[in-house]
Amino acid sequence: MNLQAQTIWDSLEFRTPAILAAVDRVSEQEFQWLPPNGANPIAWLLWHIAEVEDNWVRDKLLVLPRRYPFGTSVKARGDAAWPSKTELVAYFHEVRALTRERLERTSEDDFDREIADEHYGSLTVRAVWAG
């Protein structure tokens with residue numbers, strides 16, 4: 001893995017132990033609990049992290065269709081039942097493995113390539129990964 005890819009990988013992995021430890025400590029009920037005042041449950045947060053990490057790269061860099069292993073986007077799910085903690089942790093690990101493979105295939109020069117984003121305008125591949 002080149003230096004830029006390694007830096008991005010390290011920044012993603014820096015928080016992974018804390019995320020997984022926080023998830024591991026809570027029961028399934030706590031994981032699914034919907035806080036008041038419009039806040040999201042832990043399940044939503046973990047799902048969102050993995051979905052964005054996977055789909056923004058798929059959409060912007062790989063020009064592939066977005067992927068929804070639970071049948072829909074986390075944002076479209078509403079207050080319906082969330083996937084289980086086991087399912088979402090597995091999804092997180094699956095996406096993180098894909099991220100490592102994708103970063104390993106990204107050349108140093110490719111990080112300077114520009115892409116268009118409908119919300120942020122022109123971005124480099126580096127900025128997408130840092131996003």
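This is a predicted model: local features need pLDDT of at least 70, side-chain atom pairs count only at pLDDT 80 or more; totals for chains, interfaces and linings use all residues.
Reader: Which element gives the most to the lining of the largest pocket?

Author: That is α4, with 9 residues. The elements that give two or more residues are α1 (3-14), α4 and α6 (125-130).

Reader: How much space lies in the largest pocket?

Author: About 810 Å³.

Reader: Let's turn to the helices. Why are α4 and α5 called roughly parallel?

Author: The axes of α4 (residues 42-60) and α5 (residues 85-104) cross at roughly 25°. Angles under 35 degrees count as roughly parallel, and therefore α4 and α5 are roughly parallel to each other. Their axes come within 9 Å, and the crossing is left-handed.

Reader: Which residues make the contact between α4 and α5?

Author: Contact means heavy atoms within 4.5 Å. On α4, the residues that make the contact include L46, W47, I49 and V57. On α5, they include L88, F92, V95 and L98.

Reader: How do the residues of that contact divide by class?

Author: They divide into 12 nonpolar, 1 polar and 6 charged. Among the charged ones are E51 and D54 of α4, because Asp and Glu count as charged.

How values were computed: Residues are numbered from 1 along each chain as its sequence is written. Side-chain values use heavy atoms; hydrogens and water are left out. Axes are lines fitted to C-alpha atoms, for helices over the stretch in contact, and angles run from 0 to 180 degrees between N-to-C directions. Helices (H or I, at least four residues) and strands (E, at least two) are DSSP runs, numbered from the N terminus. Angles under 35 degrees count as roughly parallel, over 145 as roughly antiparallel, 65 to 115 as roughly perpendicular and the rest as oblique. A crossing is left-handed if the near helix is turned anticlockwise from the far one by less than a right angle, and right-handed if clockwise. On a 1 Å grid over the protein atoms alone, a cavity is a set of points where a 1.4 Å probe fits but cannot get out, and a pocket is an open set with protein on both sides within 12 Å along at least five of seven lines; lining residues have an atom within 4 Å of a point. Grid points are joined across faces, edges and corners, and a volume is the space filled by probe spheres set on the points.
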